[in-house]
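Good morning, colleagues. Please look at the structure on the screen while I take you through its main features.

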Amino acid sequence: MALLKVNSLKKYFPVKKGFMTAPALLKAVDGIDLSLDEDRVFALVGESGCGKSTVARLIVRLLPPTSGEVLFQGKNVFELSGDNLKAFRKSVQIIFQDPFSSLNPRKSILDTIAEPLKIHRIVEKIRIKDKVVELLNKVGLGSDILNRYPHEFSGGQRQRICIARSLAVSPKVIVADEPLSALDVSIQAQILNLLQELKREYRISFFFISHALKVVHYFSDSIGVMYLGKIVEHAKTEDLFREPFHPYTEILLSSAPTIIVQSDKDVRSRNLKLRTDMGEVPSPIDIPPGCPFHPRCPKKFEPCDNIIPELKETDGRLVSCHLF
Amino acid sequence: MSLLTLRSLHIFFRSTSGSIKVVSDLNLEIEAAEVFGLVGESGCGKTLTALSIMGILPQNAFAEGEIIFRDNNLLTLDRESMRRLRGKELSMIFQEPATSLNPVLTVGYQVAEVLTTHMDISKKEAMNTAIELLKAVKIPSPEIRIKEYPHQLSGGMKQRVMIAMAIACKPSLLIADEPTTALDVTIQAQILELIQRLREDMRMAVLLITHDLGIIAENAQRVAIMYAGRLMELADVYELFNNPGHPYTIGLLESLPEEKGKPLKPIPGFVPEPDRLPLGCKFSDRCRFALPECNEKEPELIPLSIASNKSNPPSPPFAKGGQEGINHLPPTTRHSSLHLVRCIRASEILWRS
């Protein structure tokens, strides 16, 4: 059974256009369905503004939805309250992109990591310090940093502290919203290894949001490709990277720069051919009629500009395109 | 004769306890119309190098050495001559297009300002040229866009405006400092394609600064790898990716995810602060190939072929093109085949072995 399930989830934000006019609706998330199984990594990819971070915030109940539900172990998280809500918060944790703004600058590292331990009464008071040290060791940091403050650390170290904080409550799911993109290449690899170790050791499932396709390919089991608030393709990672079906996925994958070693030369020339100057993402306030991708799509044909394609099953994956 | 030559360039920051060296003994040459890639992690000094070429180092920093551009040493040039070069012969685009444009002036005004500053043309002519330039960087309906303000444009469009300003006077060198880091991959591909096309059309050299090895692989002809303010390796792009010589370069390549499930081999530790660098080789504390002598003496930047041939004494450090240097080298190390590495074990290290 799926650990976490998202059913026709929608989130619209009202945007004031001017005085005396009714606010327009920004459809950040426009009816998506997802599921995350135990011990798996689900990745959500897409360009900025496609709504992937909003999905992350909805899943951990940092935002109320416009409609739809998020089920965690069969229960709708938006209906939880009291102890049930607290238990949910303990099971589902989030790591943010920017480790600089997600740590309280006035709290020492000890206090930062001790806070969830106190709130959820994980260990007895006298054992808190030991537990914090244990967590820091887990993420590759030492006990010497307990009384230091966030500003003394580099981005990679801060991200480790954030990970230690989320591990404090032994979560079942970690929602990771671009956890690597603020970090340098060599540090990215360190953090990615760490996440993988944690996954193996604690069987944590990840809801992983990223625009770094190489990382997604490496780390995830299945992928949802998002475009203007909708999932346009949902497939197993291997299938998607072997052969993307949706024209948007195809362009997205071909846009990522590759390093040439001799064997990859064919990949390069194929990618260059696929890359088209398709302009920019339209505003999510004025989503084009029909298929939202049609104004940028090199393969558009007659029905694309007036009929919205449904997300249908094709060859063991879901695609929303009239070609399939 | 190269377009731009950096000769023993040092950059320092002034601090209360004296000055701290952040870029040390940088030697390199950039040829006309080539794309030269400069790679390194944050804090390695790549942006400071760019700022020193443009003569816009922050107040608390200063440079020593020589930056030769068309027979002029930019470091000794007076302010007025430097001002005439900047924006005309040398131009630069930055990582954050959002903060590089003036929010209270229209896009058209900002592009036209470059033209009226450096050329003897009227405001009206400048505006018309600005429209042409926006067209050249593929901004749709430029006649309308020139009247808009930066906040009305998307990140990709702002970067296109920055490029339009940078190429307005047909510079011979464009410095692009992480030009696509703030942009999505699809937009990134478009912007890089645009830079390449303009480079070919205008025969302009590009100094492409980035931390993304994929971007370098696809866009540059030659690459320099920087670490802790030093040039660690310099080679032709194909050579660098197929036969990397420096452990740091190898570490960067191995940090990239490749095979699923296979653990990555990240570089351990983190970049040291510029005032706490190791004594010998600056990478020695993170290097898995390090020997005891690596901690004692900093290795020189020498050709890989000489590093492999132990009987030859190492020649003094220099980068591509220095005529005096090249003459006493074996013919195979000339020009694009020149591969310099700052590591005493470069010849023993074989990648993927």
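This is a predicted model: local features need pLDDT of at least 70, side-chain atom pairs count only at pLDDT 80 or more; totals for chains, interfaces and linings use all residues.

Strand E3 of chain A, residues 41–45, and strand E9 of chain A, residues 222–227, run parallel and are joined by 4 bridges. Which residue of E9(A) is the bridge partner of Leu44(A)? That partner is Gly224(A). As a general point, the strands of a sheet pair through backbone hydrogen bonds, in either a parallel or an antiparallel manner.

I turn now to the sheet. E3 and E9 belong to an open sheet of 8 strands in chain A, with the order E6-E7-E8-E3-E9-E10-E12-E11 and mixed pairing. Its edge strands are E6 (92–95) and E11 (312–314) of chain A, each of which pairs on one side only. On average, neighbouring strands of this sheet are turned by 25 degrees against each other, direction ignored.

Next, a helix. Helix H1 of chain A, residues 52–59, lies across E3, E6, E7 (173–177), E8 (205–209) and E9 of chain A. Relative to E8(A), helix H1 runs at about 150 degrees.

Finally, the chain as a whole. Chain A contains 10 helices and 12 strands. Along the principal axes, the C-alpha atoms fill a box of roughly 70 × 60 × 45 Å. Of the 324 residues, 44% count as buried. Among contacts in chain A with a separation of 6 or more, 63% are accounted for by residues 24 or more positions apart.

Technical notes:
Residues are numbered from 1 along each chain as its sequence is written. Chains are lettered from A and ligands numbered from 1 in the order in which they are written. Helices (H or I, at least four residues) and strands (E, at least two) are DSSP runs, numbered from the N terminus. A residue is buried if 20 or more other C-beta atoms lie within 10 Å of its own, exposed if 12 or fewer, and partly exposed in between; C-beta atoms are placed from the backbone. Two residues are in contact if their C-beta atoms, placed from the backbone, lie within 7 Å. Two strands pair if DSSP finds at least two bridges between them. Axes are lines fitted to C-alpha atoms, for helices over the stretch in contact, and angles run from 0 to 180 degrees between N-to-C directions.
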